[in-house]
Amino acid sequence: MLVAIRLNFVPVPFLALLAAFVCVLLTPSSFGQNSDATEQQNRYDSLQQDISRLEATFGQYDPALIEELVSLADAASELNLTFESSVLFDRAIQVHRLNFGLFSADQVPLYLSLMGYDATLNNWDAVNDSLNYLYWLLVEKQVVSGESIIDNLLQLSEFHLRAVANDAEEEQPGHYRKA
């Protein structure tokens with residue numbers, strides 16, 4: 001049903017009020033959701049400021065940045081900024097590797113998180129590089145042992161199975177064998 005309204009007798013302030021009311025009614029999100037989004041954005045902005053302060057005080061490669069970068073990546077993910085999350089995790093890994101070396105077991109969870117974001121972005125070349133590096137780190141260099149290595153290898157297998165369905169067709173048989 002279409003309703004025609006004659007507006008030539010309506011005062012201008014009423015038109016502004018009516019337009020504002022219509023905009024509020026047509027807004028798809030509720031007030032609670034806007035508040036949550038604003039809160040998440042504020043958290044993200046605050047974390048970015050924390051990182052800037054740490055960099056200014058201690059430098060770009062200070063180990064204290066790792067935790068802040070991971071928190072910022074998580075906040076970016078909550079805002080559906082998957083690419084930014086991937087970049088931040090990659091930076092956290094680089095800072096970690098510079099400070100603790102290439103054979104540190106503590107970098108494994110960082111890589112697994114990075115692979116999750118890269119898989120979401122369908123960046124299977126990056127996922128494949130991470131899979132190969134983690135396999136080398138876990139099996140060849142044996143940086144972890146016991147239950148830990150089994151859990152990590154199971155997670156690698158899960159990524160290989162995801163890749164069977166999503167990676168380039170020529171890469172899928174290799175993932176199937178490695179899974």
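A salt bridge here is a side-chain nitrogen of Lys or Arg within 4 Å of a carboxyl oxygen of Asp or Glu. By that rule, the side chains of D50 and R53 form one, at 2.2 Å from N to O. The whole structure holds three salt bridges. This is a predicted model, where local features need pLDDT of at least 70, side-chain atom pairs count only at pLDDT 80 or more, and totals for chains, interfaces and linings use all residues. Residues are numbered from 1 along each chain as its sequence is written, and side-chain values use heavy atoms, with hydrogens and water left out.

**Fold**
- The chain has eight helices and zero strands (DSSP runs numbered from the N terminus: helices are H or I, at least four residues; strands are E, at least two).
- Its pattern along the sequence reads α-α-α-α-α-α-α-α.
- Of contacts (heavy atoms within 4.5 Å) between residues at least 6 apart in sequence, 55% join residues at least 24 apart.

**Surface and burial**
- Buried residues account for 31% of the chain's 179 residues (buried is under 20% relative accessible area, exposed over 50%, partly exposed in between, with a 1.4 Å probe and protein chains only).
- The chain exposes about 11600 Å², and carbon and sulfur atoms supply 56% of that area (Shrake-Rupley method, 1.4 Å probe).

**Salt bridges**
- D50 and R53 both sit in helix α2, three residues apart, about one turn of the helix.
- D50 is partly exposed at 21% relative accessibility; R53 is partly exposed at 49%.
- E55 pairs with R91, the closest N and O atoms lying 2.2 Å apart.
- This pair links distant parts of the chain, with E55 in helix α2 and R91 in helix α4, 36 residues apart.
- E55 is partly exposed at 23%, and R91 is partly exposed at 28%.
- E78 and R43 meet in a salt bridge at 3.2 Å, N to O.
- E78 lies in helix α3 (residues 64-78) and R43 in helix α2 (residues 31-58), 35 residues apart.

**Largest pocket**
- The largest pocket contains about 180 Å³ of space (on a 1 Å grid over the protein atoms alone, a pocket is an open set of points where a 1.4 Å probe fits, with protein on both sides within 12 Å along at least five of seven lines; lining residues have an atom within 4 Å of a point).
- Its lining has 13 residues, with S86, D90, L114, D118 and A126 nearest the centre.
- Helices α4 (82-100), α5 (107-120) and α6 (124-140) each supply at least two lining residues.

Note on methods:
Grid points are joined across faces, edges and corners, and a volume is the space filled by probe spheres set on the points.
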